[in-house]
Amino acid sequence: MAEGGHSVPLVDPTSADGVFSLMWLVIALPAAGAAVLLIGGALAPRAFASFGHLLGTLMPIGSFALSLAMFLQLQGRDEADRQVVQHLWTFIRVGELDAGFDLLYDPLTALFLLLITGVGSLIHVYSIGYMEHDPRRVRFFGYLNLFVAAMLVLIMSENYIGLFLGWEGVGLASYLLIGFWQHKHSAAAAAKKAFVINRVGDMGLSTAIMLAFVTFGSVSFTTISAGAGEAGEKTMTAMGLLLLLGACGKSAQVPLQAWLLDAMEGPTPVSALIHAATMVTAGVYLVVRSNFVFDYAPNAQTVVVIVATVTLLWGAVIGCAKDDIKKALAGSTMSQIGYMMLGAGLGPAGYAFAIFHLLTHGFFKANMFLGAGSVMHGMDDDVDMRHYGALRKAMPITFITFAMGYLAIIGFPGFSGFWSKDKIIETALAENWIVGVCALLGAGVTGFYMTRLMIMTFFGEKRWEKDVHPHESPSVMTFPLIVLAALSVVSGVLLLGGWIEHWLEPVTGVPDHHEPPIPALAVTGLAVLVVAAGVALAVALVARRPVPREAPTEVSFATRAARADIYGDAFNDQVIVEPGRALTTGLVRMDRSVVDGTFRAGVVLVGGIGALTRRAQNGYVRSYALSVLGGVLLVVLALLAVNLA
Amino acid sequence: MDSVTPFIVLSSILFTIGAIGVLTRRNAIVVFMCVELMLNACNLALVAFAHQYGNLDGQIAAFFVMVVAAAEVVVGLAIIMTIFRTRRSASVDDASLLKY
């Protein structure tokens with residue numbers, strides 16, 4: 001889709017010195033935390049219960065401090081020098097494959113590190129309060145640390161093998177944390193579903209890695225980006241599509257989107273960290289990191305754009321009809337990741353904005369998920385928004401911080417989401433007006449469902465259950481909310497003077513300048529108008545009349561479809577689960593009849609022969625003697641025949 | 001050379017009589033005697049051939065057969081005695097419990 005503007009290959013990264021020589025420690029800290037908490041917590045649960053959560057929180061904070069120091073160091077360097085590699089050890093050396101455990105630190109990794117360790121630390125702090133009464137809190141922090149370590153491996157690896165290791169690691173952590181309350185059947189099932197659907201995507205990613213190895217003889221980003229131009233467009237398109245399949249699984253893009261809404265069964269900090277701010281955006285990271293593949297595969301880029309556009313509308317529509325506050329936010333996450341994917345699919349013109357939106361979304365969505373957790377905390381873990389209402393007085397801090405996130409996501413002028421989403425819509429309009437209009441429409445729907453969520457939760461009348469007394473959460477939970485709310489408001493400054501575009505240029509290359517068909521200011525004005533229309537519609541439909549405590553059943557087809565996740569599960573059931581079940585039933589039947597039957601027939605045959613021949617054992621000595629004599633006669637006759645012949 | 005032929009013929013006749021006796025008689029003692037007859041027919045053949053070839057191996061083998069036959073008689077007669085005491089019969093057809 002994007003023409004020209006090919007990326008700068010990662011050439012000759014410098015080796016790590018100074019503060020960069022501590023790069024490994026960023027991963028090692030949370031990894032050590034996970035090991036200590038999971039093993040120690042199992043051996044001495046009482047001792048660890050008193051300080052395990054503090055230890056678990058300190059680890060990502062340490063990583064964050066290191067990331068900040070490295071970020072400042074990298075800024076002081078020349079632009080050409082901003083790629084640092086640290087070789088730790090040889091990971092796999094078999095035949096021609098030589099993959100080292102190498103860490104890469106470049107502008108893209110730097111931003112991701114800050115997001116993951118920063119938001120991760122805040123969510124660890126929040127979890128101290130949220131999980132206070134859970135008897136398995138130490139294990140929870142162990143899993144959270146495991147997730148952070150795996151996510152850091154994913155984004156810091158210098159080759160696809162290391163990336164894949166982290167990719168699977170976050171999948172495991174996600175599985176463990178979705179099913180953390182495993183006594184709930186729904187949580188266990190949701191964890192399994194997420195795991196299985198992710199395997200489909202992982203198959204794509206691993207095949208792409210194999211293809212890269214066959215084509216380039218290496219899995220390192222440096223080597224592949226240097227040789228990408230000569231590999232031919234067909235190979236590159238195949239590789240791009242396979243990478244996209246992997247990204248779809250991890251980032252819940254259509255058609256592998258069905259797991260994300262069920263994943264909300266996990267504890268809310270998990271939803272905020274893994275299923276909003278970091279892990280689900282790994283697919284976007286994969287596409288941006290593999291920009292050297294997509295730049296030579298315009299067809300694959302087109303598919304990325306189509307998938308992204310479908311998903312951003314799909315998720316937004318689901319978000320409109322959900323009464324479960326976390327599921328409404330999950331639909332919104334799908335939709336926002338769709339925006340990021342759209343930016344990433346637009347090529348060098350959009351990479352920087354995709355990452356920009358990823359960062360701002362990480363802040364405001366984590367903020368809102370944690371806010372939803374705070375609301376649930378006050379409402380005795382009720383998630384049904386029809387049982388909320390008028391909470392702004394009962395929870396002032398949660399309300400104010402949530403409102404900041406709300407204004408950011410709908411793109412209220414001046415807030416972070418306004419800048420990031422607007423840039424993506426602008427770029428999309430410049431590339432292809434259909435996609436651009438869809439993105440605009442999605443922004444309007446976002447305004448609608450977020451306003452609906454806001455009104456149902458914080459405004460209107462009290463619709464609380466009996467015996468529920470909403471209260472503000474403790475300060476250990478509100479502190480992260482305040483920090484994230486502040487970031488949701490101000491993180492738009494990253495765009496100031498085109499800083500983020502310029503910062504990412506060493507990774508994503510310099511975009512060609514397309515003249516937009518309509519001036520940027522007009523696009524911005526149009527976007528604000530569309531969002532305002534969505535908000536006004538929500539106010540008219542939700543705020544002006546009482547919200548029923550039971551979800552109405554007499555609703556339009558569109559609402560019913562959105563409540564059923566646009567029949568994503570039904571489709572999977574009909575197309576994959578049912579035929580699969582029929583196949584296995586058939587195979588079991590064949591095993592029972594054909595395979596078992598063959599062996600049973602053999603048994604019957606041998607038994608029959610035995611039953612006949614055992615009659616010879618009649619117990620009469622003289623008949624035995626006769627058979628001996630007959631046998632001897634036969635032997636003698638045979639000998640004679642041989643000798644005479 | 002021809003001087004051996006009558007002995008072999010006699011041996012064959014004795015062996016055949018013994019074999020027919022084993023197959024047809026029911027009395028365990030008679031069957032036993034028929035077995036001895038077959039063994040002795042074999043001894044006769046062994047000695048005759050040893051004489052023909054001027055070789056002592058056959059004669060030594062005949063002694064072995066006698067020793068083994070003597071040992072066999074001891075065990076065999078003891079078994080026949082025991083069977084007779086418990087069943088009041090020396091018929092080999094009566095002792096046919098060990099079968100299918």
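I began with Ala252(A), which is found in the loop between H8 and H9 of chain A; helices here are DSSP runs (H or I, at least four residues), numbered from the N terminus. The phi of Ala252(A) is near 55°, a positive value in a residue other than glycine. Pro255(A) has its place in that loop too, between helix H8 (233-251) and helix H9 (259-262). I noted a cis peptide bond between Val254(A) and Pro255(A), with omega about 10°.

The model is predicted: local features need pLDDT of at least 70, side-chain atom pairs count only at pLDDT 80 or more, and totals for chains, interfaces and linings use all residues. Residues are numbered from 1 along each chain as its sequence is written, chains are lettered from A in the order in which they are written, and side-chain values use heavy atoms, without hydrogens and water.

I next examined the interface. I found 12 residues of chain B in contact (heavy atoms within 4.5 Å) with 11 residues of chain A. The buried area (accessible area, 1.4 Å probe, lost on being put together, summed over both parts) is about 1,100 Å², and carbon and sulfur atoms give 61% of this. On the chain B side, Leu23(B), Asp93(B) and Tyr100(B) lose the most area to chain A, together 56% of what that side buries.

I looked up the salt bridges (side-chain nitrogen of Lys or Arg within 4 Å of a carboxyl oxygen of Asp or Glu) and counted one between the chains. Arg622(A) and Asp93(B) meet in a salt bridge through their side chains, at 2.5 Å, N to O.

Key
Buried area = accessible area lost by both parts, 1.4 Å probe. Helix = DSSP H or I, 4+ residues; strand = E, 2+ residues; numbered from the N terminus.
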